[in-house]
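User: Hi! I am new to reading protein structures. Could you walk me through this one, feature by feature?

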Amino acid sequence: MTRSERIGLFGGTFDPIHNGHLRAARLVQRRFGLDRVFFIPAAIPPHKARPDMAPARDRLRMTALALAGRDSWTASPVELRAGGPSYSIRTIETMRRRFPRARLFFIVGADAFLEIRTWREWERVLRRCAFIVMTRPGSRLGAAASVLGPAWKNALRRVAPGERLPDGAFEPPAVFFLPIDARPVSSTEIRARARQGLSLAGLVPRAVADHIRTKRLYRERSALRRGLSPAHAARRFEKYR
Ligand code: ATP
């Protein structure tokens with residue numbers, strides 16, 4: 001019997017996408033034998049909206065630039081098309097409809113998973129899609145594993161080095177904790193460097209650095225130029241929290 005297609009859903013603000021994301025996706029893809037990975041920039045991230053966020057179309061464009069030349073990776077506009085706050089449950093249902101027979105894996109860093117219980121319909125999210133929680137420097141996998149409580153104990157699994165992962169193990173609810181050799185890179189650091197006009201070499205792919213420079217993203221005044229004063233923008237995003 002042929003095995004089902006395995007699809008990774010890697011959601012994020014990607015403001016901007018960086019080499020830490022790319023490395024993590026590569027390691028997860030290899031370990032779980034994912035046939036494809038969709039990188040999905042959030043339209044309005046419910047937990048991370050900031051007044052100086054780069055416009056969604058730039059975040060999607062940078063994601064596409066970073067993935068250029070990799071056939072199994074796609075920059076997906078699914079959350080941007082849906083508009084409004086980007087709730088993962090909606091994205092998972094959309095991808096489930098698109099790929100009814102595939103195994104879906106939601107990929108998150110340990111820091112993001114710590115907040116899972118604040119996600120909209122989080123229990124349904126976990127029942128609809130397997131999760132891969134990966135190391136993020138600064139956040140312990142063990143702490144992430146303890147956020148769900150005893151009711152979910154049987155769904156949690158720490159992936160040991162070299163361990164075989166049979167297809168049947170992927171039936172949700174299934175939350176895999178995967179130690180990876182992650183890089184201590186964050187979008188926050190990159191925005192700060194861009195603001196100061198510092199080099200982004202080695203932190204983001206060159207095409208992404210070029211896009212940030214030519215569009216003058218993350219410069220102090222770029223949010224103001226778009227007519228988004230920090231105070232206005234903060235008020236606008238407030239309702240999505
Ligand atoms: P910010 O610094 O603005 O908070 P970020 O670097 O965390 O941004 P996001 O787009 O919010 O980037 O991250 C998307 C997903 O990728 C999250 O699940 C996050 O945990 C994970 N992630 C981000 N950076 C890394 C990294 N260096 N290694 C492993 N996972 C990462």
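Analyst: Gladly! Let us start with the words helix and strand: helices (H or I, at least four residues) and strands (E, at least two) are DSSP runs, numbered from the N terminus. As an example of a place described with these words, Arg216 sits in the loop between helix 9 and helix 10 (222-225). Please keep in mind that this is a predicted model, where local features need pLDDT of at least 70, side-chain atom pairs count only at pLDDT 80 or more, and totals for chains, interfaces and linings use all residues. Residues are numbered from 1 along each chain as its sequence is written, and side-chain values use heavy atoms, with hydrogens and water left out.

User: How many helices and strands does the protein chain have?

Analyst: The protein chain has 11 helices and seven strands.

User: How do I read whether the chain is compact?

Analyst: The radius of gyration is taken over C-alpha atoms, and the globule rule is 2.2 Å times the number of residues to the power 0.38. Here the radius of gyration is 18 Å, close to the 18 Å from the globule rule for 241 residues, so the protein chain is as compact as a globular protein of that length. Its C-alpha trace spans about 55 × 35 × 35 Å along the principal axes.

User: In what order do the strands lie in the sheet?

Analyst: Two strands pair if DSSP finds at least two bridges between them. In this model, seven strands make an open sheet with parallel pairing, in the order 3-2-1-4-5-7-6. Strand 3 (73-75) and strand 6 (156-158) are at the edges with a single partner strand each, so one side of each has no neighbour in the sheet.

User: And how are neighbouring strands turned against each other?

Analyst: For angles, axes are lines fitted to C-alpha atoms, for helices over the stretch in contact, and angles run from 0 to 180 degrees between N-to-C directions. Neighbouring strands of this sheet are turned by 25 degrees against each other on average, with direction ignored.

User: Which helix packs on the sheet and touches strand 2 and strand 3?

Analyst: Contact means heavy atoms within 4.5 Å. Helix 2 (residues 56-67) packs on the sheet, touching strand 2 (36-41) and strand 3, and its direction makes about 160 degrees with that of strand 3.

User: How do I check the length of a helix?

Analyst: Compare its span with the expected one, which is 1.5 Å times one less than its number of residues. Helix 2, with 12 residues, reaches 17 Å from its first C-alpha to its last, close to the expected 16 Å.

User: Which residues of helix 2 are buried?

Analyst: Buried means under 20% relative accessible area, exposed over 50%, and partly exposed in between (1.4 Å probe, protein chains only). In helix 2, the buried residues are Asp58, Arg59, Leu60, Met62, Thr63, Ala66 and Leu67. Their cover includes helix 1 (19-32), strand 2, strand 3, helix 3 (78-82) and helix 9 (206-214). For the protein chain as a whole, 50% of the 241 residues count as buried.

User: Which way do the side chains of a strand point?

Analyst: In a regular strand the side chains alternate between the two faces of the sheet. From strand 5, Ala130, Ile132 and Met134 point one way, while Phe131 and Val133 point the other way, and all are buried. Four bridges join strand 5 (residues 130-134) to strand 7 (residues 175-178), and Ile132 stands opposite Phe176 in strand 7. Five bridges link strand 4 (residues 103-109) with strand 5, where Phe131 is the bridge partner of Phe106.

User: What about backbone angles?

Analyst: Most residues other than glycine have a negative phi, and most peptide bonds are trans. Phe14 has a positive phi near 45 degrees; this residue lies in the loop between strand 1 and helix 1 and is buried at 2% relative accessible area. Arg216 also has a positive phi, near 50 degrees, and is partly exposed at 41% relative accessibility.

User: Which peptide bonds are cis?

Analyst: One of them runs from Asp15 to Pro16, with omega near 0 degrees. Another runs from Pro172 to Pro173, also with omega near 0 degrees. Pro16 lies in the loop between strand 1 and helix 1, and Pro173 in the loop between strand 6 and strand 7.
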